[in-house]
Amino acid sequence: MPSSDIKILAIESSCDETSAAVAVNGKILNNIIATQSVHENYGGVVPELASRAHQQNIVPVVDQSLKNAAISKDELSAIAFTRGPGLMGALLVGTSFAKSMALALDIPLIEVNHMQAHILAHFIDDPKPSFPFLCLTVSGGHTQIVLVEDYLKMKVVGETQDDAVGEAFDKSAKMLGLGYPGGPMVDKLAQQGNPDRFKFPETEMPGLSYSFSGIKTGVLYFLRDELKKNEHFIKENMNDLCASIQKTLVQMLLQKLRKAAKQYNIKEIAVAGGVSANSGLRSSLKELAEKENWKVYIPAFEYCTDNAGMIAMAAHYKYLQKEFVDQSVSALPRMKF
């Protein structure tokens, strides 16, 4: 490859996935991910265990990514890393590693906002959205509607005021006695259930804001009351419960997205983040898109969950703008747009 090529190694360690990717001129060559199964026993991500697992995984993951791309570390143009938002201990591992490697190689260092990277994952493969577009970013930690005017010009126009939709899925799953992560299990069982069987409360919020704490409380009290009448209620109605909870959460997401699309007069709609893999959200979005004449974009599944490919994509655009940071940079768990 010519020396003028932009070769970036990207590292993602915001939660419980240790990932490395190599991009050359904005093309993702690989996306290596080491998942952490240790959290399954605890019903959620344990920050201390996550950070220890990142320490064990980061060297082999980076090594495999470089070997897979057939690029030596001396050929790299820059090192990129997730600065935030995320778990402090987890972010520190990736940040420290990236800083050390960039210092040793004497090459630029690029910080990346994890949530912006989820949005820029749409530019990894075709078809790509046209600017301006709206992106519904949905994960275990975030629920946001973002107005995207350019690769690095984004504005949050609506977001949750309490819990993220992914957390609402996981907590509901826990109440139903399902394992972790609960969201995919709710989705799987919902496909066999009747989504109109049970009604759950939807919290009305002003403007484009969301609130998901109310539905969690609603599910909790509903199950408590039904279990008093029949101790086998959950087991006997599992599929319908999952389908009804999923329908409520998806409806809440899409009502505000529709409102935002009308408010900004935008027909280009993107969805990103782990919850974008949900089949109920995908089918309802497809239905709504036909009614509203939207063009909808969802990245390939491997780029929906936390991964370094999306970090590399964001870093490519930052490299073009020479947006580098120095060695004083530190992890920022509550990093904003």
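**Exercise 1. How do the axes of H4 and H6 cross, and how are the two helices oriented?**

Step 1. Take the geometry. The axes of helix H4 (residues 165-175) and H6 come within 10 Å and cross at roughly 10°. This is a predicted model.

Step 2. Classify the angle. Angles under 35 degrees count as roughly parallel. H4 and H6 are therefore roughly parallel to each other.

Step 3. Find the contact residues. H4 contributes Glu167, Ala168, Lys171, Ser172 and Met175. H6 contributes Lys216, Val219, Leu220 and Leu223.

Step 4. Sort them. The contact of H4 with H6 holds five nonpolar residues, one polar and three charged.

**Exercise 2. Classify the crossing of H4 with H5, and list the residues that meet.**

Step 1. Start with the axes. Those of H4 and helix H5 (residues 182-190) come within 7 Å and cross at roughly 75°.

Step 2. Apply the cut-off. The range from 65 to 115 degrees counts as roughly perpendicular. H4 and H5 are therefore roughly perpendicular to each other.

Step 3. Name the partners. On H4 they are Phe169, Asp170 and Ala173. On H5 they are Gly182, Gly183 and Val186.

Step 4. Sort them. The contact of H4 with H5 has three nonpolar residues, two polar and one charged.

**Exercise 3. Are H6 and H7 roughly parallel or roughly antiparallel, and which residues make their contact?**

Step 1. Read the axes. H6 (residues 213-229) and H7 have axes that come within 12 Å and cross at roughly 160°.

Step 2. Classify. Angles over 145 degrees count as roughly antiparallel. So H6 is roughly antiparallel to H7.

Step 3. The crossing of H6 and H7 is right-handed.

Step 4. List both sides. From H6 come Ile215, Val219, Phe222, Leu223, Glu226 and Leu227. From H7 come Phe233, Ile234, Leu241, Ile245, Thr248 and Leu249.

Step 5. Sort them. The contact of H6 with H7 has ten nonpolar residues, one polar and one charged.

Step 6. Relate this to spacing along a helix. An α-helix has 3.6 residues a turn, so residues three or four places apart point the same way.

**Exercise 4. Describe H7: its span, its kink and the residue just after it.**

Step 1. Count and span. H7 (residues 233-264) has 32 residues. From its first C-alpha to its last, H7 reaches 45 Å, close to the 46 Å expected at 1.5 Å a residue.

Step 2. Locate the kink. H7 has a kink of about 60°, centred on asparagine 239.

**Exercise 5. Where does asparagine 25 lie, and what is its phi?**

Step 1. Asparagine 25 lies in the loop between strand S2 (17-24) and strand S3 (27-35).

Step 2. Give the angle. Asparagine 25 has a positive phi of about 55°, although it is not a glycine.

How values were computed
Residues are numbered from 1 along each chain as its sequence is written. This is a predicted model: local features need pLDDT of at least 70, side-chain atom pairs count only at pLDDT 80 or more; totals for chains, interfaces and linings use all residues. Side-chain values use heavy atoms; hydrogens and water are left out. Helices (H or I, at least four residues) and strands (E, at least two) are DSSP runs, numbered from the N terminus. The expected span of a helix is 1.5 Å times one less than its number of residues. The bend at a residue is the angle between axes fitted to the seven residues ending there and the seven starting there. Axes are lines fitted to C-alpha atoms, for helices over the stretch in contact, and angles run from 0 to 180 degrees between N-to-C directions. A crossing is left-handed if the near helix is turned anticlockwise from the far one by less than a right angle, and right-handed if clockwise. Contact means heavy atoms within 4.5 Å. Ala, Val, Leu, Ile, Met, Phe, Trp, Tyr, Cys and Pro count as nonpolar, Asp, Glu, Lys and Arg as charged, and the others, Gly among them, as polar.
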